[in-house]
Amino acid sequence: EVTEVPVIVSSLTLKFAGGVSDTLSGVAGRTEGVRVRVRFSDGTEFTNMLTLVDWIPVGVLLAFSSSAPSALSVSAAGVMTLLGNHYEQVAVTATSVCDAEMTGSKSVAANLSPAAGDVDVGNLLGVQFEQIGDTLMVRVRLNANGLLKNFQIDVVIDDSVVRAASCGRGAGWTDGEFQCGINDPFETVSVIGNNANSAATGVLEVAVFYLTVNAGAQMQISATLRELVQFVDGVQVRVTEQAIVAGDGVALVRETSGRRRLAELQVAHARSSSAALSRAGSARRLEAVSSATIVQNVYTDWVMASDCDAKNDVLGDLDGDGSFSSYDVYAASIVFTGINLGEVSYAGLCPVVQQRLDQTLNGKFGLADISYLLAIVARKLRFVTNVNVNASDVLAGENGELTVRVSLADETGAAVTSQTGVRAEISYLAAESAANYSVGSSAGTSPDGYWLAHLAGVGSGVYAASVTPHYSWLQDRAFGVAFMLETVDANGASATDRRFPFFGSSDALYT
């Protein structure tokens with residue numbers, strides 16, 4: 001029945017189509033409709049004004065708006081488009097054209113999902129980042145559209161607002177090598193994985209890290225995909241230096257009065273990759289860089305060198321592209337596989353390549369070397385570019401100096417001058433003579449009773465110690481020299497995977 005009595009909208013209720021309840025997620029550009037239940041003053045009701053009424057244009061009755069149109073827009077026809085992440089829920093509102101006071105609103109989280117080859121940082125559902133107490137838990141997910149072999153992701157935070165407390169392996173990356181570097185520098189969380197035999201594919205949670213709140217702010221979180229290696233339809237595909245889309249966003253951080261202990265922040269799937277390093281180190285007990293019997297005119301000098309041309313002089317560069325990254329760790333894994341399959345021999349490789357593979361300096365190449373390379377990428381360990389043990393003045397009956405010099409470089413090839421310590425274990429019994437140092441200092445005595453020395457930084461990445469016995473060198477005493485590397489983060493904190501013994505050590509920290 002047609003009547004001339006005017007009616008007005010008495011209520012508006014919004015719902016979302018496509019199964020959307022609290023979160024509109026997906027890749028940028030996803031669209032979903034808004035359902036609007038409209039009740040008029042005469043009791044007439046339409047369960048969805050946008051689809052049930054085709055004789056009146058929607059825009060004649062309703063106007064749509066979004067509280068964050070840059071993240072989630074709404075067209076005049078009531079179609080939502082996901083454009084980006086937003087730090088709080090977005091209010092989608094329908095307003096009666098005839099009565100601006102008559103509105104209906106519903107909130108939804110705008111949360112991007114990673115497209116193929118992209119990385120998502122934050123929550124899967126709800127707003128991208130959610131603070132609980134004084135903590136933000138941040139998940140890192142990578143969308144591999146092939147078999148994921150290698151990745152290197154740098155997440156950048158505002159260290160004036162938060163600090164990284166812990167980081168570990170994600171539930172989607174349970175096998176293979178893994179490293180997560182935090183607080184080195186403070187503003188970067190580096191997530192690195194490598195597994196040449198991986199069959200992992202799809203959207204994979206590769207890491208989880210925790211941030212502790214220090215101040216309140218709207219904090220930008222961004223990331224760069226430094227390396228991505230996967231096999232797509234049997235073809236290796238490599239992506240480098242790609243800014244991520246899904247993980248780029250803002251966290252609404254609120255300062256809290258309470259502080260939880262960092263020890264309470266545990267990552268369920270964290271597995272330290274230092275185990276392989278520790279096992280490799282403890283298997284060698286003082287395989288000496290310099291080994292000699294102290295008699296007249298003993299002289300030992302060992303220097304790393306190569307006698308073949310390399311494509312470049314970039315430390316750790318195994319693929320010849322002029323840079324060092326997680327891709328070189330992957331290249332090392334391929335060589336390791338080739339050796340195991342008998343396709344290549346380590347001895348048959350160019351000495352420069354052998355040198356770049358043998359990071360643990362034991363004259364061989366194994367899994368521990370791959371782990372060591374990965375730890376360098378994560379800025380937890382250093383390149384050893386030169387080792388020099390000079391015993392030319394070590395003569396029986398005299399107290400000439402034994403000098404140990406170790407040269408170190410960081411992941412960029414720059415000389416290391418900070419956040420690094422080097423100790424040496426000299427297998428000369430402290431019970432037979434105390435040690436006097438003109439360079440460096442005593443670090444006590446090892447469990448085996450040998451001298452322990454702190455090497456001093458003398459500039460240009462060189463750490464050195466010069467030592468003599470309190471009296472004189474004893475005749476017919478065999479001795480060896482091992483050295484131990486340890487790094488700290490920007491907080492001055494170390495960890496098991498920041499320590500490595502070269503040539504073994506009886507020091508409890510390295511066994």
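A disulfide is a pair of cysteine sulfur atoms within 2.5 Å. The views below come from a predicted model, in which local features need pLDDT of at least 70 and side-chain atom pairs count only at pLDDT 80 or more, while totals for chains, interfaces and linings use all residues. Residues are numbered from 1 along each chain as its sequence is written, and side-chain values use heavy atoms, with hydrogens and water left out.

**View 1. The disulfide between C167 and C180.** A search of the whole structure finds one disulfide. The sulfur atoms of C167 and C180 lie 1.8 Å apart. Because the torsion about their S-S bond is about 85°, the disulfide is right-handed. The pair links distant parts of the chain, with C167 in strand β14 (residues 162–169) and C180 in strand β15, 13 residues apart. Strands here are DSSP runs of E with at least two residues, helices are runs of H or I with at least four, and both are numbered from the N terminus. C167 has a relative accessible area of 19% and is buried; C180, at 7%, is buried too. Buried means under 20% relative accessible area, exposed over 50%, and partly exposed in between, with a 1.4 Å probe and protein chains only. Another cysteine, C98, is exposed at 70%.

**View 2. Strand β15 and its hairpin with β16.** β15 covers residues 177–181, and five of its five residues are buried. In a regular strand the side chains alternate between the two faces of the sheet. Both faces of β15 are covered, with E177, Q179 and G181 on one side and F178 and C180 on the other. Its antiparallel pairing with β16 (residues 188–194) runs over five bridges; two strands pair if DSSP finds at least two bridges between them. G181 has S190 of β16 as its bridge partner. Six residues separate the two strands of the hairpin, and N183 in the turn has a positive phi of about 55°.

**View 3. Helix α4, residues 326–340.** This helix of 15 residues reaches 21 Å from its first C-alpha to its last, close to the expected 21 Å; the expected span is 1.5 Å times one less than the number of residues. Its buried residues include Y327, V329, Y330 and F336. The buried residues of α4 pack against several elements, among them β16, β18 (217–232), α5 (351–357) and α6 (367–377), where contact means heavy atoms within 4.5 Å. Just after the helix, G342 takes a positive phi of about 80°.

**View 4. An open sheet of four strands.** The strand order is β2-β9-β8-β5, and the pairing is mixed. At the edges, β2 (23–26) and β5 (62–66) each pair on one side only. Strands β8 (residues 90–96) and β9 (residues 103–112) run antiparallel and are joined by six bridges. A94 stands opposite G104 in β9.

**View 5. Strand β27 and its partners β24, β26 and β28.** Antiparallel β24 (residues 420–429) and β27 (residues 450–459) are joined by six bridges, with A424 bridged to A453. Three bridges connect β26 (residues 441–445) with β27, also antiparallel, and here T445 is the partner of W451. Four residues lie between the strands of the β26 and β27 hairpin, where G449 takes a positive phi near 90°. Strand β28 (residues 462–469) runs antiparallel to β27 and is joined to it by three bridges; Y463 in β28 is the bridge partner of G457. The hairpin of β27 and β28 has two residues between the strands, and S460 takes a positive phi near 60°.
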